[in-house]
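Here are my notes on the model you sent. Please read them with the structure open beside you.

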Amino acid sequence: MKIKICGITNLEDALDAIEAGADAIGFVFYKKSPRYIEAKEARKIVKKLPPFIQTVGLFVNETAENINKICDEALINLAQVYDDNSLIEYEKLRTKYIKVLRAKSKDDILKNANEYILVDAFVEEFGGAGKRVALQWFDNVDCSKFILAGGLNEKNLKELKGYNFFGVDVSSGVEISKGKKDKQKMFNFVKAANEI
Ligand SMILES: O=C(O)c1ccccc1N[C@@H]1O[C@H](COP(=O)(O)O)[C@@H](O)[C@H]1O
């Protein structure tokens, strides 16, 4: 089970997330988010990370040109793309990317079960709202290419047992306040994910 901790805004949280055992850390390049970080600040953090850690950049309705520019500047390996309006010209992206499905129904899940995709809960306003995707939508579905996000925390992770998700993604569930992580919660989250 791969683990991504998202919404990193400072070096201390990044290093704590990695020490806890996260495979990937995420930076939010969406200006309306309380977890927004400028590319040049993310770059300073990324330069101080140990090797073999995946750096993910989160983008909302952004152009391919801007995603490329920010990923280059911030040394991002993977773009996490919210593209509800299908505006992105994917062929122009230089960075490897993963699309986000903001699921509204089991049908949405079924239509996307054969590609690696990050499944988040649908909320009107974008952003780390802690809302969950209904787990029963994944019943009898091959989840081996899904990364599940949305309202996960150390307590509810055990409900994912048996689904065989490729990975999990968390932000608000391991925070003290918006944009500041809680070290103990990150350790507990990773431990719980590894026990699934
Ligand atoms: O974190 C944000 O502010 C944000 C802004 C815009 C789009 C997504 C955002 N957060 C991401 O949402 C998922 C789930 O978060 P949570 O665990 O429910 O808080 C995760 O990838 C966040 O980084």
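1. Strand β4 (residues 78-82) and strand β5 (residues 96-103) are paired in the parallel sense, over 4 bridges. Ala-79 has Tyr-97 of β5 as its bridge partner. Please keep in mind that this is a predicted model.

2. The pair belongs to a barrel: 8 strands close in the order β1-β2-β3-β4-β5-β6-β7-β8, with parallel pairing. Neighbouring strands of this sheet are turned by 30 degrees against each other on average, direction ignored.

3. Helix α3 lies across β2, β3 and β4. Relative to β3, α3 runs at about 150 degrees.

4. Which residues of α2 are buried? They are Ala-42, Ile-45 and Val-46. Viewed down the axis of α2, these buried residues fall within an arc of 100 degrees, so they line one face of the helix. In an α-helix there are 3.6 residues a turn, so residues three or four places apart point the same way. Lys-40 and Lys-47, on the other side of α2, are exposed. The packing partners of the buried α2 residues are α1, β2, β3 (54-60) and α3 (64-74).

5. Helix α1 (residues 11-20) buries Asp-13, Ala-14, Asp-16, Ala-17 and Ala-20. Down the axis of α1, the buried residues fall within an arc of 165 degrees, so they too line one face of their helix. Note that two Asp residues, Asp-13 and Asp-16, are on the buried list.

6. The buried residues of α1 pack against β1 (2-5), β2 (24-28), α2 (39-47), β10 (180-181) and α5 (183-194). After α1 comes Gly-21, with a positive phi near 120 degrees.

Definitions and conventions: Residues are numbered from 1 along each chain as its sequence is written. This is a predicted model: local features need pLDDT of at least 70, side-chain atom pairs count only at pLDDT 80 or more; totals for chains, interfaces and linings use all residues. A residue is buried if 20 or more other C-beta atoms lie within 10 Å of its own, exposed if 12 or fewer, and partly exposed in between; C-beta atoms are placed from the backbone. The arc is that of the directions from the helix axis to the C-beta atoms. Two residues are in contact if their C-beta atoms, placed from the backbone, lie within 7 Å. Two strands pair if DSSP finds at least two bridges between them. Axes are lines fitted to C-alpha atoms, for helices over the stretch in contact, and angles run from 0 to 180 degrees between N-to-C directions.
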